[in-house]
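Open the model in your viewer and keep the selection tool at hand. We will hop from strand to strand and then look at some charged side chains.

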Amino acid sequence: MVVKIGKADDNDFVVNDPHVSRYHARLTRESDGCLLLEDLGSTNGTYVNGGQIVKKRIAPTDIVKLGDSYTLHVPEVLKFNNDYSAEFALLKNVYTKYMEQKVRIQSSNQFKTRLFQSLPFALPGIIGVMIGFFGKGSPSLLGVSLFITVCAPTIGIYLGAKQSAKIPQQLQDLANQFKIDYVCPKCGTFLGEIPWESLANRKQCPLSSCKAKWVSED
């Protein structure tokens with residue numbers, strides 16, 4: 001990838017600044033991923049971290065100036081063609097994990113709720129069998145059986161209701177994080193619960209003020 005930088009309209013990245021030359025600099029992403037910045041014989045020079053350069057490998061975090069006043073933001077230059085396909089591709093995993101966690105929360109809580117609510121109703125029968133087998137009519141065991149018969153279902157219903165009450169909050173916490181993560185990589189607009197594949201078919205952000213490319217045309 002080669003990006004021509006300067007004041008002339010036929011540059012890839014146009015800079016409207018009086019101290020920037022018509023064809024000021026060139027930024028190249030080399031085959032190994034490194035960035036090479038070259039000054040194209042500009043009038044006011046190109047500077048990296050305060051030092052003037054003719055040609056230098058740089059990092060996106062370096063401070064680059066064209067002339068003595070214009071600061072060039074390297075990440076913006078790298079997005080000169082509005083291509084956010086690499087960042088958009090990462091959202092596929094975000095969507096997949098969200099759906100998996102959502103299903104897991106719902107199924108796990110449903111199982112626990114049913115367990116809490118059904119098990120206590122089985123306990124009296126179990127106790128009755130134990131009394132018949134071990135107690136031989138023991139009054140104390142009979143009392144325990146009656147107590148469990150009355151209290152166990154109540155406790156089970158309470159625990160089941162308590163477990164059910166956790167579901168909305170867990171789902172809400174999951175949704176809140178999803179709204180932060182599942183956004184257009186350029187403008188930050190939440191993409192809803194639309195499957196990633198469906199968004200990929202649109203190829204770009206629908207907002208007219210963004211139009212970030214989600215799928216590379218290469």
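Start by selecting β3 and β4 (residues 35–39): the two strands run antiparallel and five bridges join them. Strands here are DSSP E runs of at least two residues and helices are H or I runs of at least four, numbered from the N terminus; two strands pair if DSSP finds at least two bridges between them. Pick A25 and you will find its bridge partner, D39, in β4. Now follow the hairpin around: five residues lie between β3 and β4, and G33 takes a positive phi near 95°.

Before moving on, a word on what you are viewing. This is a predicted model, in which local features need pLDDT of at least 70 and side-chain atom pairs count only at pLDDT 80 or more, while totals for chains, interfaces and linings use all residues. Residues are numbered from 1 along each chain as its sequence is written, and side-chain values use heavy atoms, with hydrogens and water left out.

Strand β1 (residues 2–6) pairs with β3 (residues 25–29) in the antiparallel sense over four bridges, and V3 stands opposite L27 of β3.

Select R57 and E30, whose side chains meet in a salt bridge at 2.8 Å, N to O. R57 lies in strand β7 and E30 in the loop between β3 and β4, so the pair ties together parts that are 27 residues apart in sequence. R57 also meets D32 in a salt bridge, at 3.6 Å from N to O; D32 is in the loop between β3 and β4, 25 residues apart from R57.

Then select K55 and E38. They are bridge partners in the sheet, with K55 in β7, and they also form a salt bridge, the closest N and O atoms being 3.9 Å apart. Buried means under 20% relative accessible area, exposed over 50% and partly exposed in between, with a 1.4 Å probe and protein chains only.

For a loop stop, select S21, between β2 (13–14) and β3. S21 is buried, with a relative accessible area of 12%. Not counting residues up to four places away in sequence, S21 touches G6, K7, S42 and T43; contact means heavy atoms within 4.5 Å.

The other sheet is next. Four strands form an open sheet in the order β6-β5-β8-β9, with antiparallel pairing. Its edge strands are β6 (51–53) and β9 (70–72). Three bridges join β8 (residues 64–66) to β9, and K65 stands opposite T71 of β9.

Finally, zoom out to the whole chain: five helices and nine strands.

How values were computed: A salt bridge is a side-chain nitrogen of Lys or Arg within 4 Å of a carboxyl oxygen of Asp or Glu.
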